[in-house]
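Here are some short notes for a first look at this structure.

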Amino acid sequence: MNIADIKNEIINLVETNSKECIDPMINRKDFGVNVQKKGRKEDNSLPSNSVAVYIFFYGNECLKIVQVMKNSNSRFQYQHYLPNSNGSTLAKSIINDYSMNSFANESNIKEWLKTNTDRLDVIIKSRGDKHLDKIVLNFVESLLQYRFKPRYEK
């Protein structure tokens, strides 16, 4: 499956499953999926007044799915590339994974991730209510975790 197919599948999953709710959480006009292909230099910023779920793929394998609230641009752009950031990060998971750490180590993990992974950002317009935003993010993240079964999820 190529990255364009994955993007289209994500759009269809979110749109279709949201419509099944009594009050659809997400309308097509309220979200989009941005593709950041491997070989990128920098990641895009989190658009203002937006929340997001972002996904890292290594080839056809989903590595990690992450959600971020609005006003969390540093988490959106940088945290998962840094093995010494607080909490669970993709960088830390890869370095601690015996099957992957021959490719990447603490000194090259940021560059390795940008060179070797595709990243899809599901950008969702904020509802203006932290509680509702969190419900929507949990919905989208859970849906994508069920479908793509990321390697590094607890």
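1. A definition comes first: a nonpolar core is a set of buried Ala, Val, Leu, Ile, Met, Phe, Trp, Tyr and Cys residues joined through side-chain atoms within 4.5 Å. Keep in mind that this is a predicted model.

2. The largest nonpolar core has 24 residues. Inside it, the most contacts belong to I10, I55, V122, I124, V140 and L144. Two or more residues each come from α1, β1 (31-36), β2 (50-58), β3 (61-68), β4 (118-125) and α5. Which element gives the largest share of this core? That is α5, with seven residues.

3. Look next at L144. Leaving aside residues up to four places away in sequence, L144 touches I10, L13, V53, I55, I65, V122 and K149. Another core lies apart from the largest one and has 20 residues. Among them are F56, F76, I94 and M100.

4. Now the helix pair. Helix α1 spans residues 3-19, and helix α5 spans residues 130-148. They pack at an angle of about 125 degrees, and their axes are 11 Å apart. The crossing of α1 past α5 is right-handed.

5. Which residues of α1 meet α5? They are I6, E9, I10, L13, V14, N17 and S18. On the α5 side, the partners are F139, V140, L143, L144, R147 and F148. By class, this contact has nine nonpolar, two polar and two charged residues.

Terms used. Residues are numbered from 1 along each chain as its sequence is written. This is a predicted model: local features need pLDDT of at least 70, side-chain atom pairs count only at pLDDT 80 or more; totals for chains, interfaces and linings use all residues. Side-chain values use heavy atoms; hydrogens and water are left out. Axes are lines fitted to C-alpha atoms, for helices over the stretch in contact, and angles run from 0 to 180 degrees between N-to-C directions. Helices (H or I, at least four residues) and strands (E, at least two) are DSSP runs, numbered from the N terminus. A crossing is left-handed if the near helix is turned anticlockwise from the far one by less than a right angle, and right-handed if clockwise. Contact means heavy atoms within 4.5 Å. Ala, Val, Leu, Ile, Met, Phe, Trp, Tyr, Cys and Pro count as nonpolar, Asp, Glu, Lys and Arg as charged, and the others, Gly among them, as polar. Buried means under 20% relative accessible area, exposed over 50%, partly exposed in between (1.4 Å probe, protein chains only).
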